[in-house]
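Hi everyone, thanks for coming along. I'd like to walk you through one structure today, so please have a look at it first.

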Amino acid sequence: MDDTNWTSVSHFVLLGISTHPEEQIPLFLLFLLMYAINMAGNSALITLIISTPRLHTPMYIFLSNLALADICFTSTTVPKMLQNIFSPTKAISYMGCLTQTYFFIFFVAIENFLLVIMAYDRYIAICHPFRYPMILTRMLCWQMLALCHILSHLHALLHTFLLGQLIFCADNRIPHFFCDLYPLMKLSCSSTYLNTLMIHTEGVIVIHGALAFIIASYACIISVVLRRPSAKGMWRAFSTCGSHLTVVTVFYGTLIWVYFQPLASYSVAKGRILTVMHSVVTPMLNPFIYSLRNEDVKGAFRKWRSRSWFSFLR
């Protein structure tokens with residue numbers, strides 16, 4: 001395309017999940033409900049962990065950070081989507097779009113790294129139970145969390161900076177409910193070779209490397225558990241890992257399907273559905289997945305409910 005046909009884009013138009021008017025109110029109510037459940041469930045889990053001294057262990061420190069990341073992750077996209085459903089313009093500024101992209105990538109990355117250190121926590125707890133308090137000290141936990149934030153910021157900065165170097169044409173309509181990388185790259189008039197290269201190299205290292213570490217951790221866990229003579233001990237070990245494995249499967253399955261494919265074969269329709277899965281549905285389900293399969297959390301919740309009911313009756 002000739003340079004004279006390029007125009008400066010000051011804003012983008014987020015077309016949303018559907019352009020059919022009759023679907024707007026059901027979509028608004030559905031996403032509002034999912035967002036409310038996400039906020040309530042994850043906030044309750046954080047409050048429960050903070051207020052229960054028994055849960056002040058590395059595993060639950062990481063879980064509370066994951067719950068906080070889930071709240072922020074969904075808040076990056078859903079409030080703007082709900083606003084745009086009834087907006088006549090459905091516009092987002094150029095800088096607002098880049099900012100949304102940055103925080104979306106940041107929270108994807110931080111969830112990725114949190115799932116890694118949660119797998120490491122389970123590996124130490126099951127494979128080296130007697131050394132667990134000496135290895136996973138409180139100081140090491142906070143150092144790992146700080147490293148998660150630093151690496152996530154650097155990861156998000158890299159991809160947002162490269163996105164900011166692209167030139168956009170007169171067509172500023174994004175067929176998505178937020179400023180996602182691939183839909184934006186498809187709108188660009190300039191070459192997206194470097195962006196795609198970074199996604200398929202640095203992105204692969206960050207996401208696939210983390211997934212490989214998680215798989216290796218669970219391979220070691222399974223190897224140790226299968227050598228245990230006690231069926232009860234085997235079941236207890238697997239029950240503490242089941243919730244984490246469920247979240248890992250859904251998170252990485254949808255993430256890899258959406259982003260680690262050639263740009264030319266990217267389907268916006270499929271991308272929207274899978275993005276909803278890993279950015280809205282999974283954060284909403286996480287507190288229930290971790291609570292329903294975790295005896296410590298269920299026990300703490302029952303005690304909290306009993307205390308609340310007793311205080312109410314007094």
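A quick word on ground rules. This is a predicted model, where local features need pLDDT of at least 70 and side-chain atom pairs count only at pLDDT 80 or more, while totals for chains, interfaces and linings use all residues. Residues are numbered from 1 along each chain as its sequence is written, and side-chain values use heavy atoms, with hydrogens and water left out.

Let's look at the whole protein. There are 12 helices and three strands; these are DSSP runs numbered from the N terminus, with helices being H or I of at least four residues and strands being E of at least two. Of the 314 residues, 51% are buried. Buried here means under 20% relative accessible area, exposed means over 50%, and partly exposed is in between, using a 1.4 Å probe and protein chains only. The accessible surface comes to about 15600 Å², and carbon and sulfur atoms account for 71% of that. Those areas come from the Shrake-Rupley method with a 1.4 Å probe, and for residues only the protein chains shown count as cover. As for contacts, meaning heavy atoms within 4.5 Å, take those between residues at least 6 apart in sequence: 80% of them join residues at least 24 apart.

Now the sheet. In what order do the three strands of the open sheet run? The order is β2-β1-β3, and the pairing is mixed. The edge strands are β2 and β3, each pairing on one side only. Two strands pair, by the way, if DSSP finds at least two bridges between them. On one side, β1, residues 11-14, pairs with β2 in the antiparallel sense over three bridges. On the other, β1 and β3, residues 173-174, run parallel, with two bridges.

How many does the structure hold? There are two, each being a side-chain nitrogen of Lys or Arg within 4 Å of a carboxyl oxygen of Asp or Glu. In one of them, the side chain of Arg173 meets that of Asp171 at 3.2 Å, N to O. Arg173 counts as partly exposed because its relative accessibility is 48%, and Asp171 is partly exposed too, at 35%. Another salt bridge joins the side chains of Arg122 and Asp121, at 2.8 Å, N to O. Are these two residues buried or exposed? Arg122 has 10% relative accessibility, so it counts as buried, and Asp121, at 1%, is buried as well.

Next, the loop between α3 (78-85) and β2 (91-93), where you'll find Ser87. With 17% relative accessibility, Ser87 counts as buried. A polar atom of the Ser87 side chain lies 3.3 Å from the backbone nitrogen of Thr89. That is a polar contact: a pair of N or O atoms within 3.5 Å, where within protein one must be able to donate a hydrogen and the other to accept it, and residues adjacent in sequence count only if both atoms are side-chain atoms. Lys90 sits in this loop too, between α3 and β2, and has a positive phi, near 55°, in a residue other than glycine.

Our other serine is Ser64, in helix α2, residues 58-75. Ser64 is buried, with a relative accessible area of 16%. A polar atom of the Ser64 side chain lies 2.8 Å from the backbone oxygen of Ile61. Leaving aside residues up to four places away in sequence, Ser64 touches Ile46 and Ile49. Between Ser64 and Leu48, 16 residues apart in sequence, the C-alpha to C-alpha distance is 9.2 Å.

Finally, the surface. Leu147, Ile150, Leu151, Leu154 and Leu157 make a nonpolar patch of about 460 Å². Patches are made of residues with over 30% relative accessible area and no salt bridge, with like charges joined within 9 Å and nonpolar side chains (Val, Leu, Ile, Met, Phe, Trp, Tyr) within 5 Å.
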